[in-house]
Amino acid sequence: MNEIQNRLLIDQPERFWPQMLRWALIAFAYWVAVRLGLLFVAQPEEIASVWPASGLALAVLLLHPKSQWTKLLAVIFVVNVAGNWSGGNTIAVSLGFALANSLEAFLGAWVMTYFCRSKITFESIREVMALFSVALIVNGVSALLGAAIPAIAYNVQFFKAWQLWWAADGLGIILLTPLIVSLFTSPTELRPITARRTLEAVFLLSILLSFAWLLFGRFTDPAHPLLRSYMIFPFVIWLAFRFRLHGMTGALLLFAAFAIGYTLQDIGIFAIGGKTLPEHLVSVQIFLSVITFSGLLLSALITERNHAEIVLQTSESNFRNLAENTPDGILIASSDGRHVYSNRHAVEILGYSSDEILLTKQKDLADSAAYPLLRQRLEDRIAGKPLPPTYETIIRRKDGSSFQAEITGSRTNWQGQINDLVFIRDITERKQAEQTLQKKESNLSALISNTKDRIWAVDAEYRLIINNPQFLGAIQETIKNSIGIGKSVLLEEIPQEVRERWRSYYDRALGGEIFSIESKMAFSDQDLYVEYSFHPIRNLDESISGVVVSGRDITERKQAEERTQTLMERWSIVYRAGEEIGASLDTEQVFRAVYHAVGQVMPSEDFLISLYDENRNLLWGDYIIENGIRVSSNSHQYENNKKVAPNPQLADQGLGGFIIHSGRSVLLNSPEQINASGIKFLPYGSGIPTSSVLAVPMQLKGKMIGIISAQSYQPGAYTLEDQELLEILASHAAIAIDNASLFERAQQEIVERVQAEEEVRQLNLTLEKRIKERTRELSDAQEQLVRHEKLSVLGQMASSVGHELRNPLGVITSAVYYLKLVQPNADEKIKQYLGIIEQEVHTSEKIITDLLDFSRIKSVDREAVAVSELVHQTLTRFPAPNSMDVTIEIPKDLPQVFVDTRQIVQVLGNIILNACQAMASPAADSASTDGVPKRGLLSLHASLQGDMINIVIKDDGIGIPMENIQKIFEPLFTTKAKGVGLGLPVSQKLAQANGGSIEVQSEAGKGSSFNVLLPIYKEAK
C-alpha cells in the first residue's frame, strides 16, 4: 500500500456520503472513548482518572489536513458534551469539559505540526520529543481549564483536580496517539507473519502479562516497590527491537490496562503508600508514561538508525553505479601512489584488467616527463594544499601507447584513509576537434580578412566583436578615426542622426529580422553605393546575442543600372521621333523632328542636314544650325553677316563627299583625329574650331538620300551608341524624305495632267499604290526600329548585367559547396534545401547563358550529319515525359544535312520542350474525357524539299493564337508564367546561322507544327 493510500482517505476528494460515514465512525469511536473514561471518575474531584479520549482526539487531528480540523473539532466538542451530560454532569460542566478537551487536542496538534513540519509517523526522535512536550506542557496548560471547572462547580481542591486531569490525559496522549497514528500511516512496518515470529510474540506477551501480574498483583514488596516496577525495561527494549512501534505500543497498552486495573482494585505496588485512589492512579500513570515514552524514544532511535543505514546503503549503491557507469575513468590512489580502486571505464581506457590496475602505481600510468608533476600534485592534494582541480597530461596504456587525458583530482576518505581520487577523461578526440575548429576558424578569419566586402559583428550592446581590414578602412575614411574590439560602433564622432539610424538597423536584426539596405556616400570624385546585409547571431538555444553585417560595394552595378536607364530613355526619344518623322510628308517638319531628337540625346552645337542630288552630284545644305540657331538659306551663302556652308556644293569634296561616296559613318572625337582622318572639312558656321564630329549617311535601298552631321566644340562628345541612334534617325528621315519627294512629284504630275482625267486617275492609283508601299516600308522600318531597340537593350543588359549576376551566383555555388563539405552528415531537410539552391542557381545560369547566346554572334562549326542522328541526340538530351507518346518517321534514304550538330540539337530541343509544355498545360488536360487525362502525341518526320531537308515537329497541344504567331520569334515575348521568351528567337537565330529557317503553322486548341528547314550536304566536286 502506497503513502497516499495510507492516509485514511486524507487529502483525497471525497463524495458526500463516504465523508459522512467516516465522520460518523470518528464520532462513534470518540463516544466510546469518552464513556470508557467516565467509568473511572474519581471522587470527590469529579475528574476521570483514565481518559483515552485525549489520545484519540489528537490522533484524529494529526491524521487529517488542517483544512478539516474545524469540522473535526466540532464533532469532538459535540460528542464530548453529549458524553459528559449523559454521564450525570450538568450542561454547564459538560460544556466546560468539552471546551477543555477540544482546546487540548487543537493545541497539541498545532504544536506537533508546527515543529515537525511533515507528516507525523512517530518514527523520528523529533516527533517523539514533540509528543512528550505536548503531553507534558500543552496538556498541563489545558488541564488548568479542566481543573477549574470542578473546582468552581463542586468546590474541590484545584491542585488535586489538575494533577489528576494532567496524568490521565497525558497517559492517553502518550499511549494511544502513537498507536493509532502508526496503524494508519505506517502499515509497511508490519513484517510478514511467520510461525517463528508468532511464537516469539506469544512468548513475549506471556512473559509481559506474567510480569504485570507479578508486578501489580498481590505479590508486592513493600521494601522495594519501585525498583521492582522498572524491571519491565528489558522487555520494552526487546519489543522496540523486535516489533517496532506497532508491537511495542500495542503491548504497552495491554500492560497499562493490567496496571490500571490492579491499581483501581487497590492492589499492586502503586497502591502501597499514598492516601487516596487518585493519588495511586497518578503514580501508575506517571510510571506508564515514562515506560511508554522510553519505548517510543528507543523505537524512533532504532527506526532512524535503520533509515540511515538504508540511505547509506543506497548512497553507496548509487556511488558504485555512478562510478561504474560514468564515461570517465576513476582511480583512487594511496599516498604511496598505489591504486586501491578503479571503475569499469578506467579498465577500458587503460587496457588493464581490474586486478592488474590494483597492482599498478601512478608511476606506471604516467608519462615519464609528466610523472614528477603528477606525483607532486598527489602529495599536495593529500596534504590538503589548494590546487587547480583539473589539468591535462599524457597517460600511458598497458600496451605502451599513450593518449591525451584531462585529470580531475581531489581528496577522498577511502576505507578510513585520506587518498587521492582521480577522474581520467580521454580528450584525444576533443583535441583533434579543437585543432580542426581552430583550422576552420583560421580559414574563416582569412576568408573574412581577404574578402572585398566590409564585414563586422556587434553584440547586443553594439560593441564590436568581429571586423576585417575593409571595415576598419571604411571607418577611417568616414570619421578619420579607428575602432577596436569591445568598443561601441556608435561612435560620438558619427552624427546623431546617423547613429540613431544605425541603432535602429541593429535593433531590427537583434529582434530576429534578416534584411538588406542600400546606402549612398558622397566622395570628392564620385558617389559610392554600398549594400549592407544584416543577420542576427543565434546561440544554440535560439537566443540572439549579436548582429553580423556585411557591406558590398555596388557602385558599378548602380552605375550600370543608371546607364541602362539613360539608354532606355534615349531609345524612347528616338522611337517617338521615328513615329513623328514617319507620319510627316513635309521635309521641313522632318528636319526639325530629327534636330529636336538629336538635341535631346547628344550634344550638337552645330548641326547639318544636306540632301544629295545624284543627277548633278550636288549636296544641298537644306538645314544648318550654328550653336543652336538656324542660319542657312537655300538662296544665299550669307545670312546675318555669318559665313555659311556653300549651297550647293559638289559631292566630291569635304565631309559630305566622303560620306556620299563611301556610304560609311564618321565618328571623330578630337582635333587630332579630325586632322589624321584625311578628310577636308569645308568651313561653315561661326568658325569655332570643331573638336568632335558625328556624321551618318541617309540612304534607302542602296540609294543615297543625303547626310546628317552633328558637331561639338568639346572633345570626346560622341560614342558608338550616339552613332547607332543617329543612323536610325537617318534611316527614318530617308524614308520620310523619299515619301515627301514622291508626294511632291505626284502633285506636279497632277497639275501637268489636269486635262487628262483618265491619266490623272491612273496616276492617282499608281501614286496611292506607291504611297502604300512606302507606308508599309515605313511601318517595317518602325518595327525594325522597335526590334532593333529591344535587341540593343537586350545586348547591353546581357553584357553589363551578366557579369554582375554571375558573380553572386558563383558565390552562392561556392557557399553551397562549402556547406556540403563542412556538413556531410546534415539532416535530409538541409540537404533538400541545398539541392533547391543548386537547382535555382542552375536555372539562373541557363537564363544568363540564353541572354548572352542571343546577344552575341555564335560561330558555326558545320559538318555532314544524318537526320536520324540529330533526332536521336535531341530526344536523348530533351526526353519527352512518360505521359506522352512519341512517333518518329525518318526515311533511311534521306541525304545528310550540313549543319552544326550541337546548335541544331539545341534548336530541335527547344521546339520539343515547348511542344511538351503545350501538351502538359492545364488547358490541354481539360480536353480529357471520362476523367481520364489525355495522353499527348508528339510526332517527328522528315522529308526532302528541293535542296533542303524539312524536319516537322507536330504536337496536339493547346496551339498558338493567330495574334501571337507573328510574335513568337520576337525576343522577350512569352506567354509562360516562368518563361523568358528567348527559346524560339535563339532557335531561329541558330537555324539561320546554319543556312536554314523555321516555319510554323498552328491552330488554337488543335496543336502546332514547326518546320525546320536545313541545307543538305553537297560533296565538293
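I looked up Phe515 and found it buried, with a relative accessible area of 7%, where buried means under 20% relative accessible area, exposed over 50% and partly exposed in between (1.4 Å probe, protein chains only). I note that this is a predicted model, in which local features need pLDDT of at least 70 and side-chain atom pairs count only at pLDDT 80 or more, while totals for chains, interfaces and linings use all residues. Residues are numbered from 1 along each chain as its sequence is written, and side-chain values use heavy atoms, with hydrogens and water left out.

Arg508 lies over its face, 3.7 Å from the ring centre; a charge sits over a ring if NZ of Lys or CZ of Arg is within 6 Å of the ring centre and within 35 degrees of the ring normal.

For aromatic pairs I used rings of Phe, Tyr and Trp (its six-membered ring) with centres within 6.5 Å, planes under 30 degrees apart counting as stacked, over 60 as edge-to-face and the rest as tilted. By this rule I count 20 aromatic pairs. Trp69 is buried at 5% relative accessibility, whereas Phe106 is partly exposed at 32%.

I also recorded Phe515 and Phe534 as a stacked pair, with 4.8 Å centre to centre and 10° between the planes. Phe534 is buried, with a relative accessible area of 0%. Both residues belong to one aromatic cluster, which also includes Trp456, Tyr462, Phe471, Trp502, Tyr505, Tyr506 and Tyr532.
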